[in-house]
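Reader: I would like to go through this structure with you step by step, beginning at the surface and then turning to the helices and the charged pairs.

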Amino acid sequence: MDEWNSQLRRGVLQLGILALIEAEQRYGYDIVTLLEKTPQLAAGEGTIYPLLRRLKKDGWVDTFWRESAAGPPRQYYRLTEEGRVVLSSMRSEWTQLVAAVNGLIGGGSADHV
Amino acid sequence: MSERNPMAERYLSQFRASLKRLPEAERGEIVDEIRNHIAEAMNAGGSLAEVLERLGPADRLARAYMAEALLSQGEPNLSRWLKAAGVLAGFSLSSLFVIPVLGVFGLVLPFASVLGVIANIVQFIYPAALDFGSGRIGTYIPGADPVTTLVVGLALDVLLCFIGIGAFRLLKVYIRLSIKTLRNAWS
């Protein structure tokens, strides 16, 4: 159950991070605090930063440094072209999957399965 | 990043050390990211102890990074094996010649040159001492006087010694290079 949970969250978290930086470039701490607002994901710093690194290595996001008025320079993350393509297919995949699984386990919207 | 807190730096250096299986450049980037996070979280009002606790133990954070790095290695395992095996085979074959040749030159020549120096000096002082008729140990130049023989002989000995030392150094470089290449082929 634990293993299943963490695998599931990891995939969803990838989708969440990509979606967060889709409209706006964001720096690490910003992403961490935004994800905290979705406690169901149970995503802490210790999960998010390694995953950001992974997304960068896969070429879905890239990074750049920008000066900050508040303190040290910040490393910003933004979607690459490839990342945009991946995000849009993940999104439709997710929507279909959720609808289908909800139907399967007898959740809310089973009518259109 | 501007003010370096000893407690934060201790955490970061332990973190860096735990990332040992990643390439140096990548380690630097990752440590910078976490250092930045600590600064941002403290700017936002968190205490250092809280921020570090949320990050979790340095070695566990490092393990999470290394697990992600392993997952994103796109190449299938078999081809990594074959690559490493190929490099290993190439090195074994070349080592069969390179190591004995360089090793013999590197060990024998400096030793021989020391003997040569002694022999040439002895020969200069007691010309008859090393003359065994059929063979000699000191340098022999037909028709040359003893002083020329001594000077040329010593120069040759020094040259042999340098060649020997050079061979020994080459051997060391070769072995170091082999180990490095093998390691790169594997990781």
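Reader: Which residues form a nonpolar patch on the surface, and about how much accessible area do they have together?

Author: This is a predicted model, in which local features need pLDDT of at least 70 and side-chain atom pairs count only at pLDDT 80 or more, while totals for chains, interfaces and linings use all residues. Residues are numbered from 1 along each chain as its sequence is written, chains are lettered from A and ligands numbered from 1 in the order in which they are written, and side-chain values use heavy atoms, with hydrogens and water left out. A patch is made of residues with over 30% relative accessible area and no salt bridge, where like charges are joined within 9 Å and nonpolar side chains (Val, Leu, Ile, Met, Phe, Trp, Tyr) within 5 Å, and accessible areas come from the Shrake-Rupley method with a 1.4 Å probe, only the protein chains shown counting as cover for residues. Here the patch consists of B:V101, B:F105, B:V152, B:L156, B:L159, B:L160 and B:I163, which together have an accessible area of about 570 Å².

Reader: Which helix supplies the largest share of the nonpolar patch?

Author: Helices (H or I, at least four residues) and strands (E, at least two) are DSSP runs, numbered from the N terminus. In chain B, α5 (77–125) and α6 (146–186) each supply at least two residues of the patch. The largest share, five residues, comes from α6(B).

Reader: Is B:I163 buried, partly exposed or exposed?

Author: Buried means under 20% relative accessible area, exposed means over 50%, and partly exposed lies in between (1.4 Å probe, protein chains only). B:I163 lies in helix α6 of chain B. Because its relative accessibility is 44%, B:I163 counts as partly exposed.

Reader: What pattern do the elements of chain A follow from the N terminus on?

Author: Chain A has four helices and three strands, and of its 113 residues 38% count as buried. From the N terminus on, its elements run α-β-α-α-β-β-α.

Reader: What pattern does chain B follow when read along the sequence?

Author: Chain B has six helices and zero strands, and 33% of its 187 residues count as buried. Read along the sequence, its pattern is α-α-α-α-α-α.

Reader: At what angle do helix α1 and helix α4 of chain A pack?

Author: Axes are lines fitted to C-alpha atoms, for helices over the stretch in contact, and angles run from 0 to 180 degrees between N-to-C directions. The axes of helix α1 (residues 2–20) and helix α4 (residues 81–104) of chain A are 10 Å apart, and the two helices pack at an angle of about 130°. That angle makes α1(A) oblique to α4(A), since angles under 35 degrees count as roughly parallel, over 145 as roughly antiparallel, 65 to 115 as roughly perpendicular and the rest as oblique.

Reader: How far apart in space are A:L8 and A:L41, C-alpha to C-alpha?

Author: A:L8 lies in helix α1 of chain A and is partly exposed, with a relative accessible area of 40%. A:L8 and A:L41 are 33 residues apart in sequence, and their C-alpha to C-alpha separation in space is 9.6 Å.

Reader: Which residues are joined into one network by salt bridges that share partners?

Author: The side chains of A:R53 and B:E29 meet in a salt bridge at 3.1 Å, N to O. A:R53 lies in helix α3 (residues 45–57) of chain A and B:E29 in helix α2 (residues 24–43) of chain B, so this pair joins two chains. A:R53 counts as buried at 18% relative accessibility, whereas B:E29 is partly exposed at 35%. Salt bridges that share partners join into one network A:R53, A:K56, A:K57, B:E26 and B:E29.

Notes:
Salt bridge = Lys/Arg side-chain N within 4 Å of Asp/Glu carboxyl O.
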